[in-house]
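I am opening a notebook on a structure that is new to me. The entries will keep to what I looked up.

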Amino acid sequence: MLKRFMLRAVVVAFVVTVGVFALAQQTTAHPRAKAGTKAEEQAQTDAKAQSDAKSKADAKVKQIYTIDCAMCHGDNGNGKTDLATSMKLTLADWTDPKALADKTDQQLTDAIRKGSDKMPPEDKSRATDDEVKGLIAYIRGFSKGQPAAPAPAPAPAAAPSTPPSN
Ligand code: HEC
């Protein structure tokens, strides 16, 4: 008799356990589905944060240029500034696509970091390496929308080594 009762108790306990387990699964399934949309939301937020960070960095670069460079090189990079005139500086006109075309990013980085007799070097405390890269992209951008420089002659290596057969 007691044995039977125990057996029934075990069966009941089993059924209850399965029931609770099923219920638990149901309730956890819901938040998990929600977590999916949460991850999507997070991805969207990350993308927005990234583009925000990019425009923030762009704004910082523009600010550095305005404060540290524009007095000589001009807001639009053409180098026609009062200070350039009074200091008798010969500045390249960066709105001309030819002005910086033959200069590598490394040469421009050196020019900015080391300066020259009339140009003050831009210290790391005023512009980080990334910001100097940004400055270079920014000053190269002054010639955008200007008539393009005549296409350079094709490099010898690019020319066909043998004339066409016909
Ligand atoms: C006091 C005036 C002055 C300021 C301020 C100044 N520059 Fe210059 N910059 C010059 C002069 C002058 C030259 C030409 C140097 C030479 O011929 O050796 C020059 C040359 C350069 C060059 C080499 C390419 C070229 O057109 O000759 C770069 C790049 C440049 N400057 C970037 C900058 C940046 C970026 C800033 C701000 C962080 C800046 N300059 C601030 C005067 C200035």
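**Entry 1. Ground rules.** I note that this is a predicted model, in which local features need pLDDT of at least 70, side-chain atom pairs count only at pLDDT 80 or more, and totals for chains, interfaces and linings use all residues. Residues are numbered from 1 along each chain as its sequence is written, and side-chain values use heavy atoms, with hydrogens and water left out.

**Entry 2. The chain.** I looked up the elements and found 5 helices and 0 strands. Helices (H or I, at least four residues) and strands (E, at least two) are DSSP runs, numbered from the N terminus. Read from that terminus, the order is α-α-α-α-α. Of the 166 residues in the chain, 19% are buried. Buried stands for under 20% relative accessible area, exposed for over 50%, and partly exposed for what is in between (1.4 Å probe, protein chains only).

Entry 3. Where does the ligand sit? I find it in the largest pocket. A pocket, on a 1 Å grid over the protein atoms alone, is an open set of points where a 1.4 Å probe fits, with protein on both sides within 12 Å along at least five of seven lines. A molecule sits in one if more than half of its atoms lie within 2 Å of its grid points. Helix 1 (2-73) and helix 4 (105-114) are the elements that give two or more residues to the shell around the ligand. Helix 1 has the largest share, 5 residues.

I list 19 residues around the ligand, the closest being Cys69, Cys72, His73, Trp94 and Met119. A residue counts as near if one of its heavy atoms lies within 4 Å. By class the shell has 14 nonpolar, 2 polar and 3 charged residues. Ala, Val, Leu, Ile, Met, Phe, Trp, Tyr, Cys and Pro count as nonpolar, Asp, Glu, Lys and Arg as charged, and the others, Gly among them, as polar.

I then looked up polar contacts (pairs of N or O atoms within 3.5 Å; within protein, one must be able to donate a hydrogen and the other to accept it, and residues adjacent in sequence count only if both atoms are side-chain atoms). A polar side-chain atom of His73 is 2.8 Å from a nitrogen atom of the ligand. For Trp94, a polar side-chain atom lies 2.8 Å from a ligand oxygen. An N or O atom in the side chain of Ser116 is 3.4 Å from an oxygen atom of the ligand.

**Entry 4. The core.** The largest nonpolar core has 16 residues, and Tyr65, Trp94, Leu100, Leu135 and Ile139 have the most contacts inside it. Such a core is a set of buried Ala, Val, Leu, Ile, Met, Phe, Trp, Tyr and Cys residues joined through side-chain atoms within 4.5 Å. Helix 1, helix 3 (97-101), helix 4 and helix 5 (129-140) each give two or more residues to this core.

**Entry 5. Single residues.** Is Arg113 buried or exposed? Arg113, in helix 4, is buried because its relative accessible area is 18%. A polar atom of its side chain lies 3.1 Å from the backbone oxygen of Glu122. Lys124 is in the loop between helix 4 and helix 5 and is exposed at 56%. The C-alpha atoms of Lys124 and Arg113 are 8.0 Å apart.

Lys88 is in the loop between helix 2 (82-86) and helix 3, with phi near 55 degrees, a positive value in a residue other than glycine.

Terms used
1 Å grid on protein atoms, 1.4 Å probe; cavity = no way out; pocket = protein on both sides within 12 Å on 5 of 7 lines; lining within 4 Å.
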